[in-house]
Amino acid sequence: MGMWKCPGQDRSFWKIDDIFEAPCPHCGEMIEFWKDDITIKCPHCKNFITNPKFNPGCAAWCNYADKCLGAVAYEIQSQPEIVKTRVEVNVRKYLFNQPELLGLSLKAGEYAEKLAEKLQVSPLVPVVAAYFHKITESNTRQDLARKAKLPEEAYKAVEKLLAGEGEEKELKIFLDAVKLAALHHKTIEELEPEFNNLLSELFLAESRDFAQKIYEIKKKLSKKK
């Protein structure tokens, strides 16, 4: 019997478009990429180029990825977007039997990501803090962070945000995201009498825009009933 090989990395399973050409963003010459290339050196101008179609697939989460990809697996699994996704998965598992808390956590994470994008801030720390804000036990948060392989430095920054401290923009994103999630889960009847006060509590103009949109959508839906 031959040695088993992961289908995700076995090139005999690849499709014809898993090897493709794309122009170098520096010199414009065409470069050949294989789908598992992360970065390669342009043979023409010698700059290092990121694969525009790179998809980590199972290497993003598989515990045996290092057996397939070696040191490249660590590089893939350390990407902030992948770490953030692993945190979300672990929070979903932990709060599975508490749907209200899970809904608030995920919605806060969603708004934190949108605000981070608008403010051009790295989303990892405020989004993870938003995911964790309904988990009150610090030991549990630390365990979830460890399972998700959240870097220690990022975990410490998350805990600072949860304590009301930390980098100013990240803190405002986190606090507003939590308030927007709570606002999102209110009915129009609950929201209407206190909306202006809620609006004034938000730190960011971008957050107030989101709040206004939530309010208007809820109001339109209530009129259709």
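This short talk walks through the cores, a hairpin, the cysteines and the salt bridges of one predicted model.

Some ground rules. Residues are numbered from 1 along each chain as its sequence is written, and side-chain values use heavy atoms, with hydrogens and water left out. Because the model is predicted, local features need pLDDT of at least 70 and side-chain atom pairs count only at pLDDT 80 or more, while totals for chains, interfaces and linings use all residues.

Let's start inside. The largest nonpolar core has 48 residues. By such a core I mean a set of buried Ala, Val, Leu, Ile, Met, Phe, Trp, Tyr and Cys residues joined through side-chain atoms within 4.5 Å. Buried is under 20% relative accessible area, exposed is over 50%, and partly exposed is in between, with a 1.4 Å probe and protein chains only. Which residues have the most contacts inside this core? They are V91, F132, L150, I173 and L180. Take L150. Leaving aside residues up to four places away in sequence, L150 touches V83, L124, V128, A145, Y155 and V158. Contact here means heavy atoms within 4.5 Å.

There is a second, separate core of 8 residues. Among them are F20, I31, C42 and I49.

F20 takes us to the strands. Helices (H or I, at least four residues) and strands (E, at least two) are DSSP runs, numbered from the N terminus. F20 sits in strand β1, residues 19–23, where the side chains alternate. F20 and A22 point to one face and are buried. Strand β2, residues 30–34, runs antiparallel to β1, with 5 bridges joining them. Two strands pair if DSSP finds at least two bridges between them. A22 has I31 as its bridge partner in β2. The hairpin has 6 residues between the strands, and G28 has a positive phi near 85 degrees.

Now the cysteines. How many disulfides does the structure hold? The count is 0. A disulfide is a pair of cysteine sulfur atoms within 2.5 Å. For C27, the nearest cysteine sulfur is that of C24, 3.8 Å away. C27 is partly exposed at 35% relative accessibility. The sulfur of C45 also has C24 as its closest cysteine, at 3.7 Å, too far for a bond. C45 is partly exposed too, at 26%.

Last topic: charges. The structure holds 10 salt bridges. That means a side-chain nitrogen of Lys or Arg within 4 Å of a carboxyl oxygen of Asp or Glu.

One of them joins K147 and D143, with the closest N and O atoms 3.5 Å apart. Both residues lie in helix α6, residues 138–147, 4 residues apart, or about one turn. K147 is partly exposed at 46%, and D143 is partly exposed at 28%.

Another pairs K186 with E194, at 3.1 Å from N to O. K186 has a relative accessible area of 25%, and E194 has 27%.

K219 and E192 also meet in a salt bridge, at 3.7 Å. Where do these two lie? K219 is in helix α11, residues 205–224, and E192 is in the loop between α9 (188–191) and α10 (195–201), so the pair ties together parts that are 27 residues apart in sequence. K219 is partly exposed at 31%, and E192 is partly exposed at 39%.

Finally, a network of salt bridges links K107, E110 and K114.
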